[in-house]
Amino acid sequence: MLSMEFIKTNRADVDRAIRDKGVSVDVDALLALDAEARALKTEIDNLRAARNAISARFKDATPEEKAVLGAEAKAAGARASELESQLGGKQDAINALMMKLPGIPWDGAPVGPDESFNKVIRTEGEVPNFGFEPLDHVALIEKNDWADLSRIVQVSGSRTYCLKGRLALLETKLMGWALDRIATAGFTAITVPAIAREQAFLNQGQFPGHVEETYALPNDDAYLAGTAEVALTSLHSGEIVDGAKLPILYAGYSPCFRREAGSAGKDVRGLLRVHQFLKVEQWVMCDADPAVSAEWHEKLLGLAEQLLTALEIPYQVIETSTGDMGLGKYRMNDIESWVPSLGKYRETHSCSTLHDWQARRANLRYRDSEGKVRFAHTLNNTALASPRILVPLLENHQTVDGRVRLPKALRDLMGGDEYL
Ligand SMILES: Nc1ncnc2c1ncn2[C@@H]1O[C@H](COS(=O)(=O)NC(=O)[C@@H](N)CO)[C@@H](O)[C@H]1O
């Protein structure tokens, strides 16, 4: 969310953000509603002042005068409550429009409507040259009996998975390994529920635009989150955090649920895109200073890259376009990991800076060193998400006989064995 003050003083930036992010918000209607609401507030204040003036005269009035004053006070009161309900309606309309306003993208974001405008900014690691025809992750899993991808579909429907044996053990250990690595980097490990109330999704930005992609629990006035970011962004809502306690750093671990409503036909084979998955999330609440945010953005990205390097997975870092980064983002860098069977890089991480766009929605504030209360900045990044990360992990480390060599960083987790 942007502040009304910012919208009025930076109209050109707001219009550019709306255009470049491909959203539609009627800013003129918003400003007109704001003017009408302010006029109503003035009128209500004047009526309140008039009522106070009447009651001040009441004690010295004659009985006849009291009858007249009483009627005037009653009329003023009735008018004021009528205007207050009008004001309520205008404020709801203002809030609904404010929730649709995009965050202002940074100048370095490629301007374009979708991911085809994303730019590769860095490529790390050598893609493997196998010397044999590599299997895809589904074939590797079937050859090693590491999952049951067909029976489970009868039980749970499409885009579900159940890992077995050493791959099931690896997934769980991998999540613990990632959580431990991010915690060791100074983040507080925290497990959060996927269950959250509607307000948490409005605060984080998933709502109001993407309700259809979210599993609803209508009997419980709740939804299932697709990322720990939803719960983490509302954890400190309404508090005024002592600035000396910033940055708040969380390594959030949670199950994630996504309906993938818009993904029909995409990635239907295997583990790339499923309805329920696990993710270790990096989350930051820091000073409302663009330089501080930029520093944390680089740190979050670096931590994710360290994990990929430890997993010996080749990857590239992407500068995400204005049309692909999402409504609230100031900057987003995806990391894409090499998937041999596809012969291309696929997104496995997404690192975002949001400045105070989420903090204004979630009411995340802090008292700075001068004692001023301010909305904070928030950032988030994937540390590791499974089962998607298993796709490049298995495929890049496969051997000619269909086994998978474990990266050195994982061998201790798996009994010291060289192979999964
Ligand atoms: N349907 C899905 N199935 C499997 N993995 C997924 C799915 N959706 C997202 N992911 C994984 O979760 C990562 C983060 O998802 S994201 O929507 O891009 N970004 C976020 O959720 C942010 N909170 C940063 O983690 C993705 O890069 C991908 O690795």
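**View 1. Glu281 touches Thr227, Ala228, Glu229, Leu232, Tyr250, Ala251, Gly252, Asn380, Asn381, Thr382 and Ala383.** Contact means heavy atoms within 4.5 Å, and residues up to four places away in sequence are not counted. The model is predicted: local features need pLDDT of at least 70, side-chain atom pairs count only at pLDDT 80 or more, and totals for chains, interfaces and linings use all residues. Residues are numbered from 1 along each chain as its sequence is written, and side-chain values use heavy atoms, with hydrogens and water left out. Glu281 sits in strand β8. Strands (E, at least two residues) and helices (H or I, at least four) are DSSP runs, numbered from the N terminus. With a relative accessible area of 2%, Glu281 is buried. Buried means under 20% relative accessible area, exposed over 50%, and partly exposed in between (1.4 Å probe, protein chains only).

**View 2. Asn380 in strand β14.** Asn380 is buried at 5% relative accessibility. Beyond four places in sequence, Asn380 is in contact with Glu229, Glu281, Gln282, Trp283, Leu300, Ser350, Cys351, Ser352 and Leu354. One of these, Glu229, also makes a side-chain polar contact with the side chain of Asn380 at 3.1 Å. A polar contact is a pair of N or O atoms within 3.5 Å; within protein, one must be able to donate a hydrogen and the other to accept it, and residues adjacent in sequence count only if both atoms are side-chain atoms. In an unreviewed UniProt entry, the annotation "binding site" covers Asn380, along with Thr227, Arg258 and Glu281. Such annotations may be inferred rather than shown by experiment; UniProt positions are given in the numbering used here, and feature names are shortened.

**View 3. The shell around the ligand has 19 residues.** The closest are Glu229, Glu260, Glu281, Glu347 and Thr382. Strands β8 (276-286), β11 (344-353) and β14 (377-386) each supply at least two shell residues. By class, the shell has eight charged, seven polar and four nonpolar residues. Asp, Glu, Lys and Arg count as charged; Ala, Val, Leu, Ile, Met, Phe, Trp, Tyr, Cys and Pro count as nonpolar; the others, Gly among them, count as polar.

**View 4. Polar atom pairs at the ligand: Glu229, Arg258 and His349.** A polar side-chain atom of Glu229 lies 2.8 Å from a ligand nitrogen atom. A side-chain N or O atom of Arg258 is 2.8 Å from a ligand oxygen atom. His349 uses its backbone: an N or O atom there lies 3.3 Å from an oxygen atom of the ligand. The ligand has 580 Å² of accessible area on its own, and the protein covers 91% of that area. Accessible areas come from the Shrake-Rupley method with a 1.4 Å probe; for residues, only the protein chains shown count as cover.

**View 5. Glu347 and Ser350 in strand β11.** Glu347 is partly exposed, at 33% relative accessibility. Ser350 is buried, at 16%. Apart from residues up to four places away in sequence, Glu347 touches Asp334, Ile335, Glu336 and Arg388. With the same exclusion, Ser350 touches Met332, Asn333, Asp334, Asn380, Asn381 and Thr382. The side chains of Ser350 and Asp334 make a polar contact at 2.9 Å. The unreviewed UniProt entry has a "binding site" annotation whose residues include Glu347, Thr348, His349 and Ser350.

**View 6. Ile389 in the loop between β14 and α12 (390-396).** At 1% relative accessibility, Ile389 is buried. Beyond four places in sequence, Ile389 touches Leu174, Leu308, Leu311, Ile313, Ser337, Thr348, His349 and Leu384. Arg166 is 223 residues from Ile389 in sequence and 16 Å away in space, C-alpha to C-alpha.

**View 7. Backbone geometry at Pro247, Pro387, Asp221 and Glu312.** Most residues other than glycine have a negative phi, and most peptide bonds are trans. The peptide bond from Leu246 to Pro247 is cis, with omega near 5°. Pro247 lies in the loop between β6 (240-242) and β7 (248-257). The bond from Ser386 to Pro387 is also cis, with omega near 25°. Pro387 lies in the loop between β14 and α12. Asp221 has a positive phi, near 50°. Its loop runs between β4 (215-217) and β5 (222-224), and Asp221 is exposed at 51% relative accessible area. Glu312 has a positive phi of about 55°. Glu312 lies in the loop between α10 (290-310) and β9 (315-319), and is partly exposed at 32%.

Notes: Near = heavy atom within 4 Å.
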